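Q: I have a sequence and a model on my screen. How do I start reading the sheets and helices?
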Amino acid sequence: MTTQFPTQAQVVIIGGGIVGCSTAYHLTKAGFKDVLLLERKELGSGTTFAAAGLLAQLRQNQEMTNLAKYACELYSTLGEETGVNTGFVRTGAIGVCQTEDRRFEWLRGAAMAKAFGIDMHEISLKEAEDMVPGMSTEGLKAAFYLPNDGQVDPIGATQALAKGAKNGGATIIENCKVLDIITKDGKVKGVKTENGEISCEYLVNCAGMWSRDIGKKVGVSLPLHAAEHLHAITVPIEGLKKHFPTVRDFDGVTYFKEESGGILIGGFEVEAKPWGMKGIPENWKYTELPEDWDQLEVFMECGFDRFPALEDAQIRHLQISAESFTPDNAFMLGEAPHLKNFFVGCGMNSVGIAGSAGVGRALAQLISQGYTEEQLWPVDVRRWFPWQQNSKYLHDRVKESVGILYEQHYPNRQRATARPVICSPVHDRLKDNGAAFSMIAGWERADWFAPEGVKAEHKYDWKSPNWLPYQKEEHLAVRHGVGMYDLTSMGKFMVQGRDAEAVLQNICTNDVSGAPGTVVYTPVVNERGGFETDITVTKIDEETFFIVTAAGTPIRDLDYIKRRTPKDAICTIIDVTHGYSMLAIMGPKARDLMADLTDADLSNEAFPFSTAQEIDIAYTRAIAVRMSYVGELGWELYIPTNATLAAFDTIMEKGKKHGLKLVGMQAVNSLRLETGYRHWESDITPDDSPYEAGLGFGVKLDKGDFIGKEALMTQKQKGLTRKMIMLTLEDPDIMLYGNETIFRNGELNGIATSGGYGFEVGAACAMGYVKNPEGITKEWIEEGKYEIMVEGKLRPAKLHLSSPYDPKNQRTKM
């Protein structure tokens with residue numbers, strides 16, 4: 001597309017698929033003129049060409065949905081803007097349900113859709129058949145209609161984006177392979193290509209299947225693996241409606257759309273075929289893989305049920321190609337950790353067409369202003385750990401990843417493949433005691449404990465999952481006796497040096513300058529006052545601080561702190577996650593058990609709440625932190641990993657006379673929810689401030705300057721327009737899981753950020769934000785009548801301004 005090879009550009013984009021072209025387009029819209037896109041072969045020839053072009057809008061949360069909604073908005077007008085036809089058609093879509101469980105999931109989805117501004121509603125099976133002549137609804141339980149979903153021509157949309165980018169000043173060079181990346185002092189400086197070197201200020205990796213290898217060149221973990229993906233197209237079928245609504249049969253793992261008078265059949269099989277274990281051929285361009293008719297069989301079985309005419313229809317083309325999937329079936333977006341100005345938009349998991357517009361826009365926002373307009377943690381590239389590049393791990397997980405999109409999305413659904421990876425020192429002890437394990441960030445964690453004679457495996461159900469009675473026992477043991485849980489998976493940092501306190505005071509909203517032994521809960525906010533994370537900081541001595549953060553965020557948090565540590569600061573930050581285990585002993589009888597384990601004085605006077613001491617436990621020393629995430633008296637014991645097993649055995653032996661019960665993550669979650677404790681990612685995000693979240697006690701405006709102070713001061717002065725509340729359902733037999741819609745005085749007002757059953761209060765609990773553009777006051781909140789939408793019905797709910805259990809948080813200080 002250009003004959004003069006450049007030697008510099010402000011922004012270089014690697015990859016000319018639809019995501020790369022979208023990024024170039026949106027950068028020019030953001031005012032960047034010196035944008036260079038490099039494509040190894042031809043635009044769209046990697047995986048974009050093989051896409052079905054579907055634009056499904058509803059995703060797992062508001063932010064992901066907004067990305068997908070934007071695709072329909074952009075591609076409906078882009079053709080007119082650029083003169084290149086995108087092939088956009090607003091076909092609508094119909095989701096059909098073979099089971100009542102699937103209908104329940106879609107009812108939840110319909111309520112979410114309304115909150116997200118998407119038209120989605122249940123229709124009769126007769127209406128579904130009328131909309132799609134030739135479709136059979138025999139054996140189905142329900143159908144749901146989304147009138148505004150659409151489709152595009154993938155190559156047409158890519159070319160339109162490229163044209164728009166060029167019109168905005170971008171340069172596109174095809175047949176130019178990037179060989180290496182140039183860095184200096186932890187920052188991108190340029191690229192080496194087969195045609196020469198190009199210096200740049202920003203680099204964006206949109207290289208699809210090739211992205212992982214590009215990341216490896218600079219030590220950036222981009223866990224993705226290719227899998228075979230297919231669709232088949234029939235010859236024209238008489239009587240078929242042109243552009244009929246896309247039909248999605250999740251239970252049959254298959255979708256159907258009209259294509260040139262025939263039916264395009266595709267889907268997401270339960271067990272996929274990994275591909276590319278020996279690398280991607282150098283000549284890959286519009287490449288299709290050998291036909292595998294057995295692989296198509298599962299989709300055709302569903303097809304024969306949904307469209308009987310397929311029994312006699314001829315397949316004119318079976319297209320099998322390869323595309324990349326990530327371990328959690330969510331794409332990767334953002335600035336890579338520990339390497340400045342290296343941005344990523346890849347691992348699209350077969351939603352690259354629907355996600356392309358939003359990803360390109362988000363990347364342009366990140367590069368131009370340093371943040372996206374809304375939080376995107378579910379797809380943040382900083383959620384990945386270096387070990388997740390492991391080829392065998394990715395190979396084994398991708399078999400399952402492909403099917404995640406269409407599986408039954410039960411609460412607490414666990415992955416079955418590529419496990420175990422990381423186990424705590426007491427993993428086998430927990431297993432011997434009946435633990436059923438869940439997994440986060442590679443860590444195996446006891447989720448709940450099965451009694452003797454019960455198999456420790458998850459059996460999922462929307463109304464009564466099999467672990468509920470055991471979770472209840474564990475929950476109540478902590479409320480009335482004493483329980484112990486293993487949270488070794490929590491991220492742990494040691495911050496040391498003469499300037500350590502000054503560094504932390506700058507990033508923390510709370511005051512961490514107390515005496516040694518002080519423990520502080522603190523938000524960490526951005527310049528706009530929104531949560532970047534929340535942590536506990538224990539001051540070990542004047543130059544040593546011990547930080548604890550969530551299990552899934554150490555890479556993100558470590559990167560955030562390091563980027564905000566001045567180069568000349570005498571301060572080191574070390575990840576010590578694997579150096580310490582964490583066993584928490586919690587409950588009103590915790591002090592009695594602890595007294596049998598240590599000779600330390602555990603009284604309130606000698607060991608008050610929010611303090612830490614190094615104490616003897618068994619034959620080792622542990623950092624004992626008197627804090628609680630479950631709303632009861634207790635201690636978190638941070639024990640050297642190599643001494644944990646003996647300490648655990650001692651605790652279990654001494655715990656017998658105190659009725660000690662092992663507790664899993666399900667109970668920990670229901671305990672924290674009942675007590676109103678927030679969870680980063682669901683309840684608090686970069687879009688939420690401490691004041692809005694009801695965590696203003698963690699902000700000390702009078703301590704001096706810190707990141708986000710000005711924004712928080714302004715918010716406090718102006719007043720809030722949204723605020724976190726808690727609700728309990730009046731009907732004790734209904735479950736909540738989060739993402740249910742909240743109604744105030746009969747009108748939709750918010751979404752439950754967390755949900756679960758409160759076994760002590762005897763009702764399902766939820767927390768979520770309510771909003772009022774004219775201002776939030778205690779009186780306005782209390783004047784409302786609240787309901788929560790469950791299974792398509794509004795359920796009365798009781799308001800709690802703080803929490804339904806121990807609203808003054810006194811039990812932790814017993």
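A: Begin with pairing. Two strands pair if DSSP finds at least two bridges between them. Keep in mind that this model is predicted. Here a closed barrel of 6 strands runs 33-36-35-34-37-38, and its pairing is antiparallel. Neighbouring strands of this sheet are turned by 40 degrees against each other on average, direction ignored.

Q: How many bridges join strand 37 and strand 38?
A: Strand 37 (residues 786-790) and strand 38 (residues 793-800) pair over 5 bridges, in the antiparallel sense.

Q: Which strands does helix 4 lie across?
A: Helix 4 (residues 100-115) lies across strand 34 (741-744), strand 35 (747-758) and strand 37. Helix 4 runs at about 60 degrees to strand 34. Now look at helix 17 (residues 665-674). Helix 17 lies across strand 33 (722-729), strand 35 and strand 36 (763-771), at about 130 degrees to strand 35.

Q: What is the order of strands in the open sheet?
A: The order is 29-30-31-28-22-32, 6 strands with mixed pairing.

Q: Do strand 22 and strand 32 pair in the parallel or the antiparallel sense?
A: Parallel: strand 22 (residues 483-486) and strand 32 share 2 bridges. Met 484 has Leu 662 in strand 32 as its bridge partner.

Q: Which residues of helix 18 are buried?
A: First, the general idea. An α-helix has 3.6 residues a turn, so residues three or four places apart point the same way. Now the case. In helix 18 (residues 709-718), Lys 709, Leu 712 and Gln 715 are buried. They sit on the same side of helix 18, because they cover an arc of only 130 degrees around the axis. Strand 24 (519-525) is part of what covers them. On the other side of helix 18, Glu 710, Gln 717 and Lys 718 are exposed.

Q: What follows helix 18?
A: Gly 719 does, with a positive phi near 95 degrees.

Q: Why does Lys 472 count as partly exposed?
A: Use the cut-offs: buried is under 20% relative accessible area, and exposed is over 50%. Lys 472 counts as partly exposed because its relative accessibility is 41%. Lys 472 is found in helix 12 (residues 468-480).

Conventions
Residues are numbered from 1 along each chain as its sequence is written. This is a predicted model: local features need pLDDT of at least 70, side-chain atom pairs count only at pLDDT 80 or more; totals for chains, interfaces and linings use all residues. Side-chain values use heavy atoms; hydrogens and water are left out. Helices (H or I, at least four residues) and strands (E, at least two) are DSSP runs, numbered from the N terminus. Buried means under 20% relative accessible area, exposed over 50%, partly exposed in between (1.4 Å probe, protein chains only). Axes are lines fitted to C-alpha atoms, for helices over the stretch in contact, and angles run from 0 to 180 degrees between N-to-C directions. Contact means heavy atoms within 4.5 Å. The arc is that of the directions from the helix axis to the C-beta atoms.
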